[in-house]
Amino acid sequence: MDLLEEAKKNTPAKKYPFYIKLFSLLSVVRGYNIAILVFAQYMASIFIFSHDRSLINILLDFHLYIIVLSTICVIASGYIINNFYDSDTDRINRPEKSKLDAIVSQKTKLSIYFTLNFIGVGISFIVSFRAALFFATYIFLIWFYSHKLKKYPLVSLFSAATLTILPFFAIFVYFKNFSYIIFTHAAFVFCILLIKELVKDLEKIKGDVVQNYKTIPIVYGEHFAKILTSLLILFAFDPIYFLFKNPEIGGMRYYFYASMGVLVLCGILLWRSKSQKQYNLIHNILKLLIIAGIFSMAFIDHDVIINKVDNLLSCL
């Protein structure tokens with residue numbers, strides 16, 4: 001169905017105060033996820049991608065600010081278009097959230113979607129043409145994933161994880177830091193994202209069946225999905241092993257020790273899970289693991305922290 005036709009027929013009859021609509025819109029764009037992403041981008045910029053630059057220099061980097069702002073726009077628009085296509089599924093899998101999201105009409109969501117995309121690409125020209133091309137491509141990939149790729153099980157799984165990690169690629173290219181530890185760390189994060197996406201597919205299997213989505217649990221069965229998830233948990237231990245061999249990870253090694261325990265726990269819980277609530281618990285544990293990983297970047301090298309604090313104090 002055409003996007004505009006769908007938007008016109010799905011308009012809330014009841015009028016709500018502005019603050020309620022704003023809260024609804026924040027739910028649609030998943031404001032909490034965007035806030036975490038922005039924090040993660042700056043943490044990665046400070047402690048991984050540009051550990052040789054001062055804290056003030058990074059925080060006042062105008063081009064970095066534009067990249068982050070463009071990321072916010074295109075990620076928010078991505079959540080909107082995903083919500084647009086998944087509205088029927090969400091009524092089954094997440095009925096309460098679906099009611100909140102429906103306060104803002106589909107027509108309004110679509111208008112905001114195009115506006116955010118225009119702003120995201122437009123301001124990225126300030127950085128460079130390549131940055132604008134990256135964000136324009138990213139917007140297309142998000143739409144293509146929501147509209148087409150979700151229909152193909154394995155492609156959908158890898159596409160979702162790739163689209164989640166791509167915003168860091170923009171920061172990665174901007175700082176031109178191509179170190180071994182960054183690629184290894186990215187491999188670990190990618191494995192966690194794949195595991196999270198598989199668990200999410202298990203969690204929302206009822207709604208996906210109704211909408212005839214071809215996810216891995218639906219096409220190959222829950223048992224196969226659990227086997228694949230268990231294999232990905234094992235694969236996640238490989239980058240951890242190589243990271244342990246690199247002294248630059250510093251105090252972050254304790255995060256990876258904890259990660260191994262959490263992943264084993266998730267594997268055990270996975271095979272005992274049968275209901276949506278049980279899968280949701282694993283999903284939330286994996287989210288917390290990712291958030292903990294963002295904070296643990298600060299301990300990747302104690303010398304980096306000391307140098308940045310010294311530089312900050314000298315500027316005050």
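## Helix 11

Let's start with helix 11, which runs over residues 180-203 and has 24 residues. From its first C-alpha to its last, this helix reaches 35 Å, close to the 34 Å expected at 1.5 Å a residue. Keep in mind as you look that this is a predicted model.

Is helix 11 enclosed by the rest of the structure or open to the outside? Of its 24 residues, 18 are buried, so the helix is largely enclosed by the rest of the structure.

Now find Ile195 in the structure. Setting aside its neighbours within four places in sequence, Ile195 is in contact with Thr229, Leu232, Ile233, Leu263 and Leu286.

Ile195 also belongs to the largest nonpolar core, a group of 87 residues. Which residues have the most contacts inside this core? They are Phe49, Ile195, Phe256 and Leu263. As a general background, nonpolar side chains tend to be buried together in soluble globular proteins.

## Thr229 in helix 14

One of the contacts of Ile195 is Thr229, and this residue is found in helix 14 (residues 222-244). Is Thr229 buried or exposed? Its relative accessibility is 1%, and a residue under 20% is called buried, so Thr229 counts as buried.

Take a look at what surrounds Thr229. A polar atom of its side chain lies 2.7 Å from the backbone oxygen of Ala225. Beyond its neighbours within four places in sequence, Thr229 is in contact with Ile195, Leu198, Val199 and Leu270.

With a relative accessibility of 3%, Gln106 counts as buried. The side chain of Gln106 is joined to that of Lys109 by a polar contact of 3.3 Å. In general, an α-helix has 3.6 residues a turn, so residues three or four places apart point the same way.

## The whole chain

Let's step back. The secondary structure of the protein chain consists of 17 helices and zero strands. Among its 316 residues, 49% count as buried. Of the contacts with a separation of 6 or more, 78% are between residues 24 or more positions apart. The chain exposes about 16,200 Å², and carbon and sulfur atoms supply 69% of that area.

## How confident is the prediction?

The average pLDDT of the chain is 83, and 89% of the residues score at least 70. Which elements have the lowest and the highest mean pLDDT? Helix 1 (residues 3-9) has the lowest, at 48, while helix 15 (residues 253-272) has the highest, at 95.

Key:
Residues are numbered from 1 along each chain as its sequence is written. This is a predicted model: local features need pLDDT of at least 70, side-chain atom pairs count only at pLDDT 80 or more; totals for chains, interfaces and linings use all residues. Side-chain values use heavy atoms; hydrogens and water are left out. pLDDT is the predictor's confidence in each residue, from 0 to 100. Helices (H or I, at least four residues) and strands (E, at least two) are DSSP runs, numbered from the N terminus. Buried means under 20% relative accessible area, exposed over 50%, partly exposed in between (1.4 Å probe, protein chains only). A polar contact is a pair of N or O atoms within 3.5 Å; within protein, one must be able to donate a hydrogen and the other to accept it, and residues adjacent in sequence count only if both atoms are side-chain atoms. Contact means heavy atoms within 4.5 Å. The expected span of a helix is 1.5 Å times one less than its number of residues. Accessible areas come from the Shrake-Rupley method with a 1.4 Å probe; for residues, only the protein chains shown count as cover. A nonpolar core is a set of buried Ala, Val, Leu, Ile, Met, Phe, Trp, Tyr and Cys residues joined through side-chain atoms within 4.5 Å.
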